[in-house]
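Here is a walk through a two-chain model, written for someone who would rather look at it than read tables. Keep the viewer open as you go.

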Amino acid sequence: MKVKVSFRLNGASKTDEIEPNQTLCDYLHDVTGTTSVKKGCDTGECGACTVLLDDMPVTSCLVLAPQVDGREVVTTEGLGTKSAPHPVQREFVEKDAVQCGYCIPGMIVTLSWIFEHAPGASDAEIKRLMSGNLCRCTGYLQQIEALKAARKRG
Amino acid sequence: MKSFQYLAPIPPFEYAAPRTLSELFETLDGHGKELQVMAGGTDLLIAMKERAVAPKIIVDLGRLRQELGGIAVEGGVLRIGSLATFSQIESSPFVARYADALRQAAANVGTLQIRSIATLGGNLATASPAADSAPPLIALGATVTLLSRSGQRSLPVQSVFAGPKRNGLRAGEIVSSVEIPANEEVRSVWTRSAVRNENALSTVSVAVASTVRDGRFGQSRVALGAVAPTPILAEKATRAMTGSEATTAQAERVAALAAEDAKPISDIRASAHYRKRLVLVLTKRLILQILSESMAP
């Protein structure tokens with residue numbers, strides 16, 4: 001039986017009738033066309049599907065789509081645009097922090113949260129906070145550099 | 001677009017998200033095992049994808065965050081609502097002041113993404129033997145308030161665990177809150193061993209709470225996770241520590257008794273023998289930590 005959900009997606013109000021047995025990850029990617037939301041492990045280990053739910057990073061593969069009713073969802077599309085990128089998005093380009101790209105949208109969502117909410121976090125703390133985002137290409141160093149550059153330049 | 005499935009798709013179920021407690025208890029009424037209450041959902045969704053469970057009805061507590069959330073101190077009690085997330089617990093100054101072992105454990109649960117939505121009540125109701133919130137709560141002498149249509153009752157935290165992944169809740173009952181005595185003199189510490197620092201189930205976890213005054217330990221508790229079918233109070237260790245001389249030699253004796261209290265199994269993460277050894281080492285480390293903190297100016 002379908003259920004009604006009303007929520008905000010990247011700043012816009014959205015109301016939909018949805019089947020409850022789908023994850024937020026599948027719903028965002030397949031139904032709303034928010035294709036930055038990637039499915040990696042589908043078990044909350046890899047972080048590729050990370051989105052902000054009421055300004056907290058969550059793995060959207062472990063959230064049922066109807067759980068977002070009345071709440072706010074932000075994906076990397078909602079953080080910035082090509083002409084006005086989020087400081088973390090801008091520095092990912094500057095620091096070559098991208099290789100294959102699959103983990104990047106989720107990684108940017110997590111690092112943007114660290115940028116906003118843990119501005120004084122040490123390297124060790126940054127690593128702890130980003131441990132839920134796996135990247136098998138880069139080795140993480142460029143991404144940490146990108147976050148630090150974003151802090152410096154704002 | 002057809003979505004690629006790594007695990008089987010989640011089978012259909014009916015979904016309800018009550019907006020008041022009375023609506024909740026009406027929804028829960030008359031149902032048995034086919035109904036599953038959901039808090040954050042992080043354990044439940046994995047279990048559903050793995051086909052370990054297949055509920056026909058899911059009741060989402062998510063619209064009751066006002067009623068079942070929050071962290072507050074009132075009348076000498078630290079009260080943590082069942083829907084408080086591990087992120088909220090990790091950053092609460094009340095938890096840091098009165099239940100630091102719980103803060104340490106909360107900061108180590110899963111990943112930032114899991115802590116952002118996983119709840120204390122969900123962790124207890126899921127009843128994993130390795131539930132990281134349980135040893136700190138047991139060591140701190142916490143109780144759990146369970147709420148149902150017919151009223152509420154209070155249980156020691158260890159009594160909420162009936163067996164591996166089996167809780168002691170009755171049909172129609174939910175975890176409402178956790179109550180911890182708010183005593184600033186109590187030092188509580190937690191540690192664990194796991195195959196990785198982050199995002200790993202604990203191989204063994206230990207929490208110790210105590211007060212040190214005039215060279216003696218006051219009321220103390222040693223609690224263990226992942227070394228028995230449920231998290232446990234290490235009874236011999238607890239009895240030996242309470243009221244004893246606060247010395248390094250006593251720390252060693254208590255740690256050895258904690259290893260006797262542990263009844264671990266061998267599994268994919270460690271052998272029973274290694275787990276007992278870990279209990280001894282980690283318990284000793286924690287008691288020495290309490291001793292050195294008590295001597296700090």
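## Chain A at a glance

In chain A of this predicted model, take the contacts between residues at least 6 apart in sequence: 61% of them join residues at least 24 apart. Buried residues account for 47% of the 154 residues in chain A. For 154 residues, a compact globule would come out with a radius of gyration near 15 Å, and chain A agrees, at 15 Å.

Chain A has six helices and five strands. Reading from the N terminus, the order is β-β-α-β-β-β-α-α-α-α-α.

## Two domains in chain A

Chain A splits into domain 1 (3-78) and domain 2 (80-153). Their centres, taken over C-alpha atoms, are 21 Å apart. Where the two meet, 14 residues come from domain 1 of chain A and 11 residues from domain 2 of chain A. On the domain 1 side, strand 3 of chain A gives the most, with three residues. That side of domain 1 has seven nonpolar, six polar and one charged residues.

## Helix 1 of chain A

How much of helix 1 of chain A is buried? Six of its eight residues are, so the helix is largely enclosed by the rest of the structure. The buried ones are L24(A), C25(A), D26(A), Y27(A), L28(A) and H29(A). Their cover includes strand 2 (12-18) and strand 3 of chain A. After the helix comes G33(A), with a positive phi near 75°.

## Where the chains meet

The contact between the chains takes 30 residues from chain A and 27 residues from chain B. On the chain A side, helix 1 (24-31), strand 3 (50-53), strand 4 (56-59) and helix 5 (123-129) each supply at least two residues. Strand 4 of chain A gives the most, with four residues. Sorted by class, the side of chain A that touches chain B has 13 nonpolar, 11 polar and six charged residues.

## Chain B at a glance

Chain B comes to 12 helices and 16 strands. Its radius of gyration is 20 Å, close to the 19 Å that the globule rule gives for 297 residues, so chain B is as compact as a globular protein of that length. The C-alpha trace of chain B spans about 65 × 45 × 30 Å along its principal axes. Of its 297 residues, 49% count as buried. Among contacts in chain B between residues at least 6 apart in sequence, 64% join residues at least 24 apart.

The chain is divided into domain 1 (14-61), domain 2 (69-181) and domain 3 (187-295). The centres of domain 1 and domain 3 of chain B, taken over C-alpha atoms, are separated by 35 Å.

## A hairpin in chain B

Strand 4 (residues 71-74) and strand 5 (residues 77-81) of chain B run antiparallel and are joined by four bridges. In this pairing, E74(B) stands opposite V77(B) in strand 5. The two strands form a hairpin with two residues between them, and G75(B) in the turn has a positive phi of about 60°.

## A buried loop residue

Now find A127(B), in the loop between helix 8 (120-126) and helix 9 (134-139) of chain B. Is A127(B) buried or exposed? It has 22 C-beta neighbours inside 10 Å, so it counts as buried. Beyond its neighbours within four places in sequence, A127(B) is in contact with F161(B), A162(B), K165(B), R166(B) and N167(B). As for K276(B), it is 149 residues from A127(B) in sequence and 21 Å away in space, C-alpha to C-alpha.

## The largest nonpolar core

In soluble globular proteins, nonpolar side chains tend to be buried together. Here the largest nonpolar core has 133 residues, and those with the most contacts inside it are A101(B), V208(B), V254(B), A258(B) and V279(B). Helix 4 (residues 104-117) of chain A gives the most to this core, with eight residues.

Which residues touch V279(B), leaving aside its neighbours within four places in sequence? V279(B) is in contact with V204(B), V206(B), L224(B), V227(B), A258(B), A259(B) and A262(B).

Notes:
Residues are numbered from 1 along each chain as its sequence is written. Chains are lettered from A and ligands numbered from 1 in the order in which they are written. This is a predicted model: local features need pLDDT of at least 70, side-chain atom pairs count only at pLDDT 80 or more; totals for chains, interfaces and linings use all residues. Two residues are in contact if their C-beta atoms, placed from the backbone, lie within 7 Å. Ala, Val, Leu, Ile, Met, Phe, Trp, Tyr, Cys and Pro count as nonpolar, Asp, Glu, Lys and Arg as charged, and the others, Gly among them, as polar. Domain bounds come from an automatic or database domain assignment. A nonpolar core is a set of buried Ala, Val, Leu, Ile, Met, Phe, Trp, Tyr and Cys residues joined through C-beta atoms within 7 Å. A residue is buried if 20 or more other C-beta atoms lie within 10 Å of its own, exposed if 12 or fewer, and partly exposed in between; C-beta atoms are placed from the backbone. The radius of gyration is taken over C-alpha atoms; the globule rule is 2.2 Å times the number of residues to the power 0.38. Two strands pair if DSSP finds at least two bridges between them.
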